[in-house]
Each structure stands twice: as structure tokens, then as C-alpha cells.
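Please examine the structure shown below before reading further.

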Amino acid sequence: MPRVERTFAGRRLVIETGRMAKQAAGSAVVTFGETMVLAAVTVSDNISPLPFFPLTVEYKERTYAAGKIPGGFIKREGRPQDGEILSARIIDRSIRPLFPEGFKNEIQVFIYVISADQQNDADVLALIATSVALNSSKIPFLGPIGGVRVGRLENKWVLNPTFQQIAYTDIDLVVAGNRDSLLMVEGEALEVTEDAVVDALQVAHGGIREVIGAQEELLKQLPPVAKMAWTKPTLPPGLEPRVRDMAQSEIREAINAKDKASRAGQIEKVKKSIAERLAADFPENGRDIGNLVGDVEYEALREQVLNTGHRVDGRTPVEIRTISTEVGLLPRAHGSALFTRGQTQALVAVTLGTANDVQRLDSIDDASETTKSFMLHYNFPPFSTGEVRPVRGTSRREIGHGNLAERALQRMLPEFEDFPYTIRVVADILESNGSSSMASVCGGSLALFDAGVPMRGAVAGVAMGLIKEGDRYAVLSDILGTEDHLGDMDFKVAGTADGITSIQMDIKIQGLDVSIMKEALAQARDGRLHILGEMRKALAEPRSDLSQYAPRIVTMNINPEKIGDLIGPKGKTIRGIQDETGAELTVDDTGLVTIAAVGGEAMARAKQMVQAVTAEPVVGEVYEGTVKSTTAFGAFIEIMPGTEALLHISELRWGRTDKTEDVVKRGDRVKVKLIDRDERGRLRLSMKALQPKPEGVEEGNGDGGGAPRASARRRE
């Protein structure tokens, strides 16, 4: 069985094939530490009629991999979780540029995480396994490629850091590439410099070459596999030159229309006109004519930028579109912003919740259930691009864009201990013509400021593009949708004035040199600083107070031994406080009580009730309590809910008292002073300590005839 084993990043890396999923076109198993991933690829023998390359990547985490049973009512894996979708997108974006142009046979890639050691992430292992499966199959693929994660820990670069190490890194990038160049970048950082990102990419590329070397060693052990025969669809003779001749001048004019709708409309008009004029000679080639006009558009846009430096909307390569911002436009939302850049617009709203609103995650990467207190949800409705199309739930694109914006903002949020709110940000894209995810970052930052969230700094994002023909290239700032579609790169960079917090790169060419990425990062920084300046005009810093409709949260610490008293039998006490006040209470095992309420009166009342239930009696303090019972040697007084202490007969009043009931009776409300707590926790009260001593009066009853000294009693 073909197998390669070597040490990589200080751990055992094993790549093997031929043991599992042998009926697939290609398969591979990659083991790193004790995390194992299986990738299997298949290909259809038929050419797809779809107008795009039909590649599907499915990434599945099997809960048995971590020795778990799925949570919830249905005890089997269901629809992909967000983390699985994000991992699938990483693999898809890495391999898609490496299939031959014109290849249209449907391909499916299935990845199963079959063992999870809860130390090593499986996403980069899945990329390696996919590369081996494709290269060992009959599928034409320009590989192999490799993938690594890179982090910086105490100023030292670490390849494939463990989950425990990632928690302490200031940069976390997943990078894919081949021997010569990079293909995909995805990650987050804690305000790191552009130079640090470049260093990370170079370190990652070294690891990628090492991983590719291991794959090549394995592939040499396999018998030669004939790649499947396929042919690029051919056009009828004479069609292409006629379309090009008819379309070139009209397309050059159409692509420079003033806005997106005008450009799209004029280009569609050219396609329709040429199809009608050629209908007699080429009646069955309407789609081919449209594709050829698209090729002319592709070439015209690129040549215009490279030859003149002018983009289709009249901007220079480094120019950012006009920006407008509004904040506080939604009266009932806890924070809101409307961010518009050119023809891209995001309406972003912030909701502040309590600890009970956290998202609970069931993951194979953690030994126990984890929670998430910050969420950003991105929505991309059809009307944002003027289209009519089916709506079938949240798309993978929406999940990916939302995660990118979430990571950009997350590192700048206050610690949960300092701002104990669950925060949900919703970005509704109302218009889209390029870089709506970065508009969500900008709008999200402003909405968080408007909500009064004490962020450490404002965050903005910009999408960079690339047009490259041979040695000529142009890096474009703040790309339009058409520049994304017809260009070679979509490079999104988000961050503050001090550094980068999130990054994502996809390319359509077969690799990108680090020097071009360095130039793009520098240009992105200039664009980001410009956008931050425009955002400051709307709101320069977080508001000093929260919305009147947002819950106020206070925390207080109680003795952990009092947690049971606060919760009460079957939760009766804590529910009673919540029902009476309208506040929301949570308590953890350390005794930290969190109280959330809309309105100061509810907050004050809830806090008072918690203190009453959990407060510790303090010697020297005066309490008003209820006489619960009387005895020959004194009375028991409830000075706090559930806490009774002895009021000895000698402490009832100055002078002698023959009978306790002469002074107090059961049910009386009396003021007493706590005068003693002994080493066993027993409490003694006094009424006479609150009374002036009359002249000539003796001390009182002494020990009351030798009556036993009773301890404080607890009431269940």
C-alpha cells in the first residue's frame, strides 16, 4: 500500500492511498498527530451543460471522530455546520483555478474527518488529502498543491499550531499554494503589520513545499494513471472572428457606461444584437455568441486598465469610490449604521444580549460544548443586484462572507469579562457592486460604535483586485463586481489604523508571487486609512452610553457556598427573582452573578434581592428581622432570608428579663445588632446594644440560668 511517513512541524505526518474508498476515482488518507482525514474524488464521464465548471466540495466532520454522539433530538449528522462549510470553501477556492480551462465534467470532492485528537485542525490536512486524491486519479489537475496553517507565538513562527497554541497567536493564516506561488489565503490577526503578513506567507510557502515533496514521494510509488480524454468545445469555423469584429468597438463603449446597470444593459444589448445579426448563419450558437462577446469584454476591460490606467468607472487603480455613512437610523435597534461605497450598500444592526443568548457549539475539536458570544450574520438578497432568483436558505457564500467580516471585528471587541454582553451583528446587503463583505466590516464597526460597545479601535476593509497579462499587471483598490469577475484576484484586507485583523485571498490564475501580494497589501493599507477617515466623520468613537432599549448588565460576586441558596430548590428562588423584577440572572460555579435588565428600577430591585438571599452577616451591622421562635433562653431571629441567629435573653434589654415573651413574641419585627460570630460560625444578636444603658441598671440575666448557647440555624 503506497504510504509516506515523515516528521512535519514536530509531529508525525502520514499520507497514504489504496486502503479506503477504492472505487472512487482517487482517494487518500492523511494523518497528523491523531487527526485523520479521508478525501475521495469522483468525476462524471459526461460534459455538463451548465455554464460554469461544476465542482462540488463536501466537508463532513463525523462526530465519532472525537468519540461523541451528536447533540439534539436527531442522533445523526445533519446539514453542514458553519465550520464545515468554511473548510469546504477553503478547499474549493484552492483547487478550482487548477483545472484546465474548458474542462466541464462534473467533479465531486468528499472529505470526512474520521479521527479528531482535539489538538490539530483537520482543514489543512483535508487540502493535502484532496491534492493526493486528485493527482492519483484520472482527473486532469495541475497539482500537487499543499496547505499549511501558520501562526506567530512569542515572535516565533509556528507551522500548524495546535488549538491550544492558536489561542495565544497574534496571527492565524491558512495558506495554500504550489511550489512556485500561492493560491489561497484565509485568516485573522491582532492588528499586525503588512510586513508581518508577508513574513507569514513566506514561512507558509516553505511548509507548503515540504508537504508537496511528501506528496511527490507518494505519487512516485503509484503506477502511472492515464488522465481522462477530454476536448475543449469547438466553435463553428468563422464564428469567433466575426463576433470579435462586430463586438470590439461596441463593447469598449459599453464597459465605460456610468454605472453598473447601464454597463450590464449595454453589454446585453450588444450580445442580443450580434446574435440577431448572425442568426441566419449560426442559428444554434446563441450561447456561444454570448460567451464570445464575454471574452471580448474580458479582454477590453483588461487592456484598458493596463494600457491607460483608467478603470471602467473612470477611477485610477488606487482610487476608492465615494463613501457615505449614517449611524443611529434604526430607533429600536441597539446600534445601527448604513454604509454606502459607490453602488455597494450595507445596512448593519447590532443587538446586545445576555449570557443566556450565547450560541452553543457542538464541535469535534473541543472536549466539551463551547459557546460563542459574538456573531455576525451576512445576508445577500437577490434585489441587491437587481435580480430575480430563488431563495433557498443561507448560502455558502453568505456564511463565508459573514465569517470574514466577523473575524475582522472580533479581535477589536472588549473582553467578555469587561463587557459581559452577547453581541449579534446583522449585515443586510441592500446594493452590491463589489466588496459587500468589506462594506459589512465598515458598517459593522460603525454600528458597534453606535451601540456603545467599547471597541479598541474602528475597523475598515477594502477588496483589492489584480489584472495580469505576462509581465504586465495592475493592482486595483476597491474593485467593482465586473473587475472581480473579469480580473485575476480578489484580495480582501480588513483592519484598523494600526494593523490587519482579517485577510482573504482568492485567485483565478495558477499562482501569485509574494512580491505582488506585498504591493497589494501596501496599497490596501492606503485604501483602508482613507475609508477609516470617512467613517470618523460619522462617528469617531464608541458612544458613552448604551441604547435605552439595550439591557444593562451588572455583575456581583457571591460566596460559592451561597449558589444553592440563590438558585433555590429546582430553581424556585432565582426564577422568583426574575419573575418579580423582569431581570435576567445567570450564575456560574465561581459565584459570579450576572444581572441583566432593561430599566434601572428592575436592575436595582434584582440586585437587592440577590444580596438579600446571598449576603453574609457582618458583625457590627444592624438588621431588621422577624422573630421565628422563642425559648426559655431567648429568641431566634431571621435576619436574612434563610439565616436565623440567636437573640439571647440577656441581650433583649437592659436589666433582668424573666421571660422571653415579655419582650418579643413570634412574628414580631425587631431591630438587632450582630455582636458575635464564633469559630463555628454561630451568630449572636443583641437588642440592648441598640439602646442607651439606663443609670443604675445591672448588666442583665447573665447566661440566663445556664441555658445552652444555640448556633445560627439555616432554613431550607
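In this predicted model, eight strands form an open sheet in the order β8-β7-β9-β10-β21-β20-β18-β19, and their pairing is antiparallel. Helices (H or I, at least four residues) and strands (E, at least two) are DSSP runs numbered from the N terminus, and two strands pair if DSSP finds at least two bridges between them. Strands of a sheet pair through backbone hydrogen bonds, either parallel or antiparallel. The edges are β8 (156-159) and β19 (472-477), each of which pairs on one side only. On average, neighbouring strands of this sheet are turned by 15° against each other, direction ignored. Within the sheet, β18 (residues 460-469) and β20 (residues 489-495) are joined by seven bridges in the antiparallel sense; M464 has F491 in β20 as its bridge partner.

Which strands does helix α11 touch? It packs on the sheet against β10, β18, β19, β20 and β21, and its direction makes about 145° with that of β18. Helix α1 (residues 82-95) lies across β9 (171-177), β10 (182-192) and β21 (500-507), running at about 130° to β10. Such angles, from 0 to 180 degrees, are taken between N-to-C directions of axes, which are lines fitted to C-alpha atoms, for helices over the stretch in contact; contact means heavy atoms within 4.5 Å.

A hairpin is formed by β23 and β24, with four residues between them, and G591 in its turn has a positive phi of about 95°. The two strands, residues 584-587 and residues 592-597, pair in the antiparallel sense over four bridges. V587 has V593 as its bridge partner in β24.

The structure also holds three cavities of 30 Å³ or more. On a 1 Å grid over the protein atoms alone, a cavity is a set of points where a 1.4 Å probe fits but cannot get out, and lining residues have an atom within 4 Å of a point. A volume is the space filled by probe spheres set on the points, which are joined across faces, edges and corners. The largest cavity holds about 70 Å³ of space, and its lining includes R11, F32 and N120. Helix α2 (residues 123-135) gives the largest share of that lining, three residues.

Residues are numbered from 1 along each chain as its sequence is written.

Conventions. This is a predicted model: local features need pLDDT of at least 70, side-chain atom pairs count only at pLDDT 80 or more; totals for chains, interfaces and linings use all residues. Side-chain values use heavy atoms; hydrogens and water are left out. On a 1 Å grid over the protein atoms alone, a cavity is a set of points where a 1.4 Å probe fits but cannot get out, and a pocket is an open set with protein on both sides within 12 Å along at least five of seven lines; lining residues have an atom within 4 Å of a point.
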